[in-house]
Amino acid sequence: MTTEVPEVSGGRRRPGRRPGRRPGSADTRGEILAAARRVFAEKGFDKATIRGIAREAGVDPALVHHYFDTKEGVFVAAMRLPLDPSSALPLILAGPREEVGERVVRFVLMMTADPAAREPLLGLVRTAMVNEQAVGMVREFLSTAVLGRVAEALDVPPLRMEAAFAQLFGVVMTRYILRFEPLASADVDEIVALVGPTVQRYLAG
């Protein structure tokens with residue numbers, strides 16, 4: 001089965017577009033997503049703006065907010081990622097602080113358990129490994145919208161948050177890309193019990 005990798009190559013908007021909904025457009029949402037991919041690829045996550053994405057798509061910025069709410073929401077939809085920071089954070093924070101490591105590990109493993117959900121994420125990771133623009137875009141999104149928010153909510157120094165992420169990233173890569181056994185076929189509960197305490201140490205100090 002061929003996996004469609006999210007578009008991350010650069011591209012520039014055609015001149016002469018004006019804000020507002022394009023007459024006769026049958027898929028405004030799809031056009032916004034296509035425009036967002038071009039803008040994120042060209043400018044990166046940090047410098048991309050809702051207004052710039054709207055201008056590239058030829059629509060009003062309010063329409064982008066209507067479909068996706070935030071810039072993070074546009075990015076998640078454009079790259080077909082299984083992770084929305086705004087919905088993930090409450091799930092991670094819900095419960096005792098001393099169990100947050102296990103919750104983080106379980107959340108990541110459950111999020112990537114469905115092949116259809118994880119393939120766009122793994123495809124973006126593979127592309128980032130060989131594409132400088134893509135790696136910058138992914139790094140900015142993770143550091144700003146994901147790791148930064150979790151670190152702030154948990155009052156964890158950035159270095160500890162990034163070390164915890166590195167641990168989880170290694171597990172996902174080994175489990176789903178390198179497919180090392182027995183990790184690749186291990187039960188989620190078994191991995192949570194094994195890796196959770198390590199992540200907890202990073203996050204709790």
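Which helices each supply at least two residues of the lining of the largest pocket? In this predicted model, in which local features need pLDDT of at least 70 and side-chain atom pairs count only at pLDDT 80 or more, totals for linings use all residues. Residues are numbered from 1 along each chain, and side-chain values use heavy atoms, with hydrogens and water left out.

The helices in question are α5 (85–93), α6 (100–111), α7 (115–130), α8 (132–154) and α9 (158–177), helices being DSSP runs (H or I, at least four residues) numbered from the N terminus. The largest share, 11 residues, comes from α8. Altogether 37 residues line the pocket, and L142, V146, L147, F165 and F169 lie nearest its centre. By class, the lining comprises 32 nonpolar, 2 polar and 3 charged residues, where Ala, Val, Leu, Ile, Met, Phe, Trp, Tyr, Cys and Pro count as nonpolar, Asp, Glu, Lys and Arg as charged, and the others, Gly among them, as polar.

Two of these helices, α5 and α8, have axes (lines fitted to C-alpha atoms over the stretch in contact, with angles from 0 to 180 degrees between N-to-C directions) that come within 11 Å and cross at roughly 30°. The two helices, α5 and α8, are therefore roughly parallel to each other, a term for angles under 35 degrees. Their contact (heavy atoms within 4.5 Å) joins P85, S86, L89 and L93 of α5 to residues of α8 including F141, V146 and R149, and its residues divide into 9 nonpolar, 1 polar and 1 charged.

Conventions
1 Å grid on protein atoms, 1.4 Å probe; cavity = no way out; pocket = protein on both sides within 12 Å on 5 of 7 lines; lining within 4 Å. Parallel < 35°, antiparallel > 145°, perpendicular 65-115°, else oblique.
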